[in-house]
Amino acid sequence: MAIKVIWKTHMYYRKYILFSDQSINCPSVSTDTNNTTNFTIQANNKTILQGEQLIKLRQSLRERKKEYKNIPRLRLRNAGEDADLSQVSKRTPLFLSDVQHLLMYSQLGQYSPYEPRWAHIEKATEISHTVLLLIEGVSVYDYITTESICPNLSTMDIRVEMVSPFSYGGSIVEEICSVPLSKTQKAKLERRFGNLNDAVQSNDKVFRVLRSMFPIDYTPPIKHLMNYSRTQSRHNIPPQDKFSRTELLLSAWQLVEEGFPLPLKGELSNRYSTYVLTKDSYTEVTAFSPMYGVDCEMCQTIDGNELTRISIVNEDHQVVYETLVKPYNKIRNYLTQFSGITPAMLKNVTKRLEHVQQDLRALLPPDVILVGQSLNNDLHALKMMHPYVIDTSVIFNLSGERHRKSKLSLLSNVFLNELIQQGTHGHDSVEDSMASLKLVQLKLSKSPEFGDAVICGRQYQNFNTQIEIKQPEEKNKFQTNNDCNLATSLFSHVASQNKTVSLVTSTEVLSEYTTYITAATFSTDECTKVECQVTASNSEAIKKTLEEAAKHKFCMTHLQLQEGENISNVDKWASQLIRNGNKNSLVIVVLAGNPSSKSNGAAFLHLQKKPLSELLQSPLLKS
């Protein structure tokens, strides 16, 4: 028995040697009259362990192993890797709302209404506190061109490009502070107040916002509302729908991720400089906004794929617009087997792309929802940009993997029991646009999860007749509610978890936060959880931030670069925050962009961790 104990203990030391930079010789062993084994360990000819010290060492190692396992870690997901500044070109930038989701997750963990799509925090509950430094007047371009003088920003754990709200006329404060209602929150408000409109009127924690990269007027059109009776509809939706069609709209980040053309300034603007908007001004989309199915056919020219046919159908499945289009460039391949277009069809056509653009700008209502399969390709062919789109390749999925798109012909066969694209003469754009619209109408009559294996891990009983859908409530928690004109305050979310917040900024900027601070202090219990610190200069604000970060779980500092300050100042401020940060603290530096240049911004993240050498060092090994 004694030999067994000796061997296990000896192996334990051998395991420890792998983690220690000290040279430890094999133990010498002796046994007393009570058959008790004692140990003497030699390190550099000096005795450091003997007898009960062994037990203490083992306990110390267990504690350090436990501490090592509980260290929070930060890693990028696919969307974050696509935005990583280490990529020289073809980056897909994130949004400021993505930073907001990470902030909430660092504070709330599993209780956050949204999980960040671009990064993951392991052991988020172990983060001691989060510090956000938000700076206006500096962009990603300023950083990239002067990276050599920014050693602290350059060595932070994560560096990603971000779309600046300045590039589309957005508000930085609104983007970071207003949190769109999740489906779970929306359902709770509807149960409590009857409907969301009453919730806004009766609850100061809920307010309306309107985020868009497009010019949108708050006054919705009412002509098409005459087709429906609001008194007869359930929950202010058309009677044939089970939920609002706005829930199927692609979000801003989905539009970017799926490659839709967007009217962004800065680097992305060069991609779409020749594109036009479908309207000069839009109105707010609602559950009663009309849907038009769209499909385009293209031929291959010397300049790539160009538009040769377009068809648009309305919700009554009537064709409202159809025309052939003749490209300016010489056609190399008519792609007849796919497009159905032949040389004879285009021989006498005089309609050009700009004529189609003019027709659509006149035809489309200002709140119309365009529906199609891989609609980004159609909008690129049209060289037009539109804010409200439903893409059947996104909202329907049979593979269970988001990036594996299901073909329209398969979706039509499975869900509509209709065979399309069966001819040998190419696709029919009227048939395809009709099928896309029918699929969306079918989904609206079921549920948001219907037909999407990514959301609800369902099983099919019979493709053509019956579909069984499992709708786990937990997965719905992180699904974005696209009826995003209703929101709550970021501060309210943090304060609701008995955590305190400190906001450091100037008097001028502080006025923009009033709505969000008020929402967080609506109840008496939360009135002391949001503290505001007003400073006269940026250097003073950084000093105050260091003080506040030690007292609060979340500290947010919003600065505007002053005359004489530049990216090097930002780098020094970041260094101060990192150097003075506590163990397991998260520091986020956001370059919000420049109003004059409208260039993209950037986000830098650093997770302060205890050095591994310090973590593995045992006090029992010190001389």
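Ser585 is buried, with a relative accessibility of 1%, where buried means under 20% relative accessible area, exposed over 50% and partly exposed in between, for a 1.4 Å probe and protein chains only. The residue lies in the loop between H24 and strand E26 (586-591), helices (H or I, at least four residues) and strands (E, at least two) being DSSP runs numbered from the N terminus. Leaving aside residues up to four places away in sequence, Ser585 touches Ser128, His129, His606, Leu607 and Gln608, a contact being heavy atoms within 4.5 Å.

## Basis of the values

This is a predicted model, in which local features need pLDDT of at least 70 and side-chain atom pairs count only at pLDDT 80 or more, whereas totals for chains, interfaces and linings use all residues. Residues are numbered from 1 along each chain as its sequence is written, and side-chain values use heavy atoms, with hydrogens and water left out.

## Strand E7

In strand E7 (residues 158-162), five of the five residues are buried. Ile158, Val160 and Met162 are buried on one side, and Arg159 and Glu161 are buried on the other. In a regular strand, side chains alternate between the two faces of the sheet.

E7 runs antiparallel to strand E27 (residues 601-607), to which five bridges join it; two strands pair if DSSP finds at least two bridges between them. Within this pairing, Ile158 stands opposite Leu605 in E27.

## Helix H23

Helix H23 (residues 538-549) has twelve residues and reaches 16 Å from its first C-alpha to its last, close to the 16 Å expected at 1.5 Å a residue, where the expected span is 1.5 Å times one less than the number of residues. Its buried residues are Asn538, Ala541, Ile542, Thr545, Glu548 and Ala549. Seen down the axis of H23, these residues fall within an arc of 125°, so they line one face of the helix; the arc is that of the directions from the helix axis to the C-beta atoms. They pack against strands E6 (130-136), E23 (501-505), E24 (530-534) and E25 (554-560), and against helix H24 (567-579).

## Nonpolar cores

A nonpolar core is a set of buried Ala, Val, Leu, Ile, Met, Phe, Trp, Tyr and Cys residues joined through side-chain atoms within 4.5 Å. The largest has 64 residues, and those with the most contacts inside it are Ile310, Leu360, Leu370, Leu382 and Ile390. Helix H17 (residues 429-444) gives the most to this core, with eight residues. Apart from it lies another core, of 49 residues, among them Phe166, Phe554, Met556 and Ala592.
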